[in-house]
Amino acid sequence: MRRIKNLFCLLNLFCFYQAVSAQEVLDRIVAVVDDKIILQSELNQFSYQMAFQLSIDPRRDQEKFAALEKEALNNLVTQKVLLTKAQEDSITVDDRQVEQLLDERIKGMVDQLGSEEKVEEYFGQSLRKIR
């Protein structure tokens, strides 16, 4: 009976280990500014947007894209620093202004690529997620 208990415990431990080791990392933190974080997914999206605006193909020109990713991270850190400072200074931005700016940027990307579907294909995600 004791061997069966030991075998059962060992089997449970093995199954638990398999479940834990099979977990996939969905996102990770690449930078922290004050109490704000920058996620890998945020960096990826911003990098692809910059590459799009500069007509850099990440698949063909990997060296330029790698340099662009570093620049994108610096820009995101700067944005977070400015956001923190703005919050300290109690500067507010109207939601309507933010929505208008997002709409203008997305419209520009659609105009440049030709359709919303092509924008979604380029970024590998829906327009809703891009927003």
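Student: How many aromatic pairs does the count come to?

Tutor: The model is predicted. Rings pair here if their centres lie within 6.5 Å. By this rule the count comes to 4 aromatic pairs.

Student: Are the rings of Tyr122 and Phe123 stacked or edge-to-face?

Tutor: The centres of the two rings, Tyr122 and Phe123, are 5.2 Å apart. Planes over 60 degrees apart count as edge-to-face. The planes of Tyr122 and Phe123 stand at 85°, so this pair is edge-to-face.

Student: Which cluster do ring pairs link?

Tutor: Phe123 has a relative accessible area of 9% and is buried. Ring pairs link this residue into a cluster, whose members are Phe52, Tyr122 and Phe123.

Student: Is Arg60 buried or exposed?

Tutor: Arg60 forms a salt bridge with Asp57, with the closest N and O atoms 3.7 Å apart. Asp57 has 24% relative accessibility and counts as partly exposed. Exposed means over 50%. The relative accessibility of Arg60 is 75%, so Arg60 counts as exposed.

Student: Which residue forms a salt bridge with Asp94?

Tutor: Asp94 is partly exposed, at 36% relative accessibility. The closest N and O atoms of the bridge are 3.4 Å apart, and the partner of Asp94 is Arg96.

Student: Why do the side chains of Asp61 and Lys64 meet in a salt bridge?

Tutor: Side chains of opposite charge can pair when their charged atoms come close. A salt bridge needs a nitrogen within 4 Å of a carboxyl oxygen. Asp61 is partly exposed, at 27%. From N to O, the distance between Asp61 and Lys64 is 3.8 Å.

Definitions and conventions. Residues numbered from 1 in each chain as written. Predicted model: local features only at pLDDT ≥ 70, side-chain atom pairs only at ≥ 80, totals over all residues. Heavy atoms only, no water. Buried < 20%, exposed > 50% of the residue type's maximum accessible area, 1.4 Å probe, protein only. Phe/Tyr/Trp six-rings, centres within 6.5 Å; stacked < 30°, edge-to-face > 60°.
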